[in-house]
Amino acid sequence: MENTIVKAENYNAYFGDNHVVKDVNISIGKNEVIAVMGPSGCGKTTFLRGINRMHELIPNATAKGKILLDGQNVYDMNAIYVRAKIGMVFQRPNPFPNLSIYENVIAGYLLNGIKVSKADKDLIVEKSLTSAALWKEVKDSLHKKGTFLSGGQQQRLCIARAIAMQPELILFDEPTSALDPISTSSVEALFHELKANYTLIIVTHNMQQAARVSDRTAFFYMGELVEFDDTKQMFTAPADQRTQNYITGRFS
Amino acid sequence: MENKRLDLSNSQLKWETIFKRVLVTMSILLVLIILGVLATLILESMPSIQSLGIKFLWGKIWDPVNNIYGAYPFLIGTLLTSFIALIISIPFSYAIAIYLGEYNPKGWLSDLLKNTIELIAAVPSIIYGFWGLFVLVPIVRAFEMKIGVAPYGVGIFTSSLILAVMIIPYASSLGITLIRMVPSPLKEGAYALGATRYEVIKSVIMPYTRSGLFAGVLLSLGRALGETMAVTMLIGNTSAVADTLKNTIFGPGNTMASVIANEFTEADHTQYLSALIELGLVLFFVTVVINLIGKRIITKFTNN
Amino acid sequence: MEAKIGFRNVKSVIFKSIIIFFAFVITIPLIIILVYIIKQGIFQVNWHFLTNVPAPVGEKGGGIINALLGSFIMVMVAAVIAIPVGMAAGIYLSENPRTKLAYYSGLCVDILQGVPSIVVGIVVYFWVVKPLGTFSALSGSLALAIMMLPIVIRSTEQTLRLLPDSLKEAALSLGVPYHWVILKVIVPCGFAGILSGITLSIARIIGETAPLLFTAFGNPYLSWSLTKPMESLPHLIFTYATSPYDDWHNLAWGASFILLMFVLILNIVTKLLTRRWKIQL
């Protein structure tokens, strides 16, 4: 596949002796929206965090196998560099409380001491906040701290912060599970717009969300990638019995 | 642009390692400091340990002029001042803990009392000593005349009084935390059976917090044992041992800490100095052990 | 039955009164002491007092500038030593709580907190004064720094423990290296708590005498040198209070008043800072 952006080859992840992600092989193409779903503890978040090498930051966490980003194995690259190249949005919105909204958006540059001209900074902030559908709401309070923002707005700020780094790939770890329904739909609407410029991998606990937003869906169960297919296909006629059981609510 | 970013990340990786090493080094430094303190104390008291042996601990004569050294007067002084101070301070510490922990945990009056207690802990010991010297000593002198002992004014009793005030905050602040930690269901169960407030405190709260409060007493004791300046100024600085307990308490004496403070700079020969250091070593062990036991009880208590 | 209940209620009320009595009676000695110090000391303080060294025996007047400057210098140097070391150790302990080093290091912090201040003075005497051949402000500062460490370490550790992990994760996921995550995100977010530990430790050491008895020793003249003996407020109070001269007693009262004011202000500042953070100092 020439248009592949992420490819996992025999990827395994462990917490100590606990084999949490088992032999995953998956290929994801550019500008796709991929949902990763499965019951609690199935390894989907662990797999996601293996892509941008956040997994190994946990004590006793190890990984085997390859994950290729644009053909290069991330485990052969500089980990800091990998994390800068891949964006991540977390379950709980986590803007930096000691920085203003403006500073939060360009935090990736600020905290790394990367020199950017004021004009360029302004441009990045406006573009990122616009892409995150937050510009109009905050453009007059850019220099205030973001603590007055609602949950949904804070999450969109975090998305803007990730976008500002100009990644090709953005990872989402259950991004709406801590949000109310209205904020959830505003973030889901965002996925649709972001797709044009980015590849999105979204771990979700919510089957309906997976069905709503993604092109293809991956189903994880007990550490294994059980099935990976077109979303429509997966939800109407899944190939594996386990997928069928999950979709019909036999277990969650 | 990409290469610049990669170069940055590569140099950052190096600095990451350096930073982590610095953190580790500083933590190791802490261990080295303690080991260093222990090593220095042992090394410098070696001459005394070797020549006097264990008899040092119950030797009753401290006569540097004739090179005779015995720690007994100072052990007595330390034990008496600390325990008398403890006994005096415990009712007050407990009362404060019960009041602020159970009767009145919130509100302006409780904040006022809490701040007062913290203020007591904040006042430097030298100021307690100075005040004691000019105000407490004459009062004690008058008292001693009344009860028919030699009116020194200074002495173990006076030091114990000021020490008692100084150590109250240590047991009380721990006590407040512990009493507030007693689970409500436990207390409510007793109230539901018709118990009065006093009975709930006596039969539920006190037994529950018993070991923790004991730890608070140990911490107060640790503080008392290590106190130097206020005691030095009020204890009279004698290394002789009195004949009766009454005369000991109401007469001058010395603690391990005060004799070191007074005589360290006058110790002109090795034997003398190392005997003093040996006292410091004993003091070190005793205070460390008591503090650690206290802290261990607290962690066990708070983990339950 | 009713009589019994009545009796038990009376007992409860009596008990409460006893408790209240014992709890509040302790404010009396404190107030007496504070009032006395203020009364004796406040009128000693004037411009002359603050700008002159103590007068020789028999001469009237004199001041405490050598002690003021000495305390200031030694506390600053002690802070410069203790703050980086303490913060680094505190960061390590909060970031790596389950390592063997964290266990032993934490144990040593607990031990250090209980070491009597005079013992610290003895040890620093052998580490610095003896090799250097002279009493010095530097040795005094080192002794004070050692006493500051446990408070700075514990307050840093506990403040950082209260911060959510998500903060660190957000920064790391942006490709920020570990040292910037700690220094530019975590520490600034915990700044108030860490600072309160620093102000509290300074409030503690500013009144410490015992560690300075055989390190900085004392100096009747104004001195800026770190390698010579230096006077300090608490040491001056000790020397002059225990002397037989009334003039010197007056100097000591004035110095006590000033010391007390510094300690009070620092404690108030600490209180204001800890309002945001419920840490147990």
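**Entry 1: what covers α11(C)**

I am working on a predicted model, where local features need pLDDT of at least 70, side-chain atom pairs count only at pLDDT 80 or more, and totals for chains, interfaces and linings use all residues. Residues are numbered from 1 along each chain as its sequence is written, and chains are lettered from A and ligands numbered from 1 in the order in which they are written.

I take helices (H or I, at least four residues) and strands (E, at least two) as DSSP runs, numbered from the N terminus. A residue is buried if 20 or more other C-beta atoms lie within 10 Å of its own, exposed if 12 or fewer, and partly exposed in between; C-beta atoms are placed from the backbone. By that count, eight of the nine residues of α11(C), residues 233-241, are buried. I listed them: Leu233(C), Pro234(C), His235(C), Leu236(C), Ile237(C), Phe238(C), Tyr240(C) and Ala241(C).

**Entry 2: α4(B) against α11(C)**

Next I checked how these two helices pack. Their axes come within 10 Å and cross at roughly 20°. Axes are lines fitted to C-alpha atoms, for helices over the stretch in contact, and angles run from 0 to 180 degrees between N-to-C directions. The angle makes α4(B) roughly parallel to α11(C). Angles under 35 degrees count as roughly parallel, over 145 as roughly antiparallel, 65 to 115 as roughly perpendicular and the rest as oblique.

I noted a left-handed crossing for α4(B) over α11(C). Left-handed is when the near helix is turned anticlockwise from the far one by less than a right angle, right-handed if clockwise.

For contacts, I need two C-beta atoms, placed from the backbone, within 7 Å. α4(B) brings Ile126(B), Phe130(B) and Leu133(B), and α11(C) brings Pro234(C), Ile237(C), Phe238(C) and Ala241(C). I sorted the contact of α4(B) with α11(C) by class: seven nonpolar, no polar and no charged. Ala, Val, Leu, Ile, Met, Phe, Trp, Tyr, Cys and Pro count as nonpolar, Asp, Glu, Lys and Arg as charged, and the others, Gly among them, as polar.

**Entry 3: chain C against chain B**

I then widened the view. 63 residues of chain C are in contact with 65 residues of chain B. On the chain C side, α1(C) gives the largest share, 11 residues. That side divides into 47 nonpolar, 12 polar and four charged residues.

**Entry 4: chain C overall**

I counted 12 helices and zero strands in chain C. The radius of gyration of chain C is 24 Å, well over the 19 Å that the globule rule gives for 281 residues, so chain C is more spread out than a compact globule. The radius is taken over C-alpha atoms, and the rule is 2.2 Å times the number of residues to the power 0.38. The C-alpha trace of chain C spans about 75 × 65 × 35 Å along its principal axes. I found 54% of the 281 residues buried.

**Entry 5: a helix pair in chain B**

Last, I looked at α6 (residues 184-192) and α7 (residues 197-226) of chain B. Their axes come within 10 Å and cross at roughly 160°. α6(B) and α7(B) are therefore roughly antiparallel. α6(B) passes α7(B) in a right-handed crossing. Leu186(B), Lys187(B), Ala190(B) and Tyr191(B) meet Val200(B), Ser203(B), Val204(B) and Tyr208(B).
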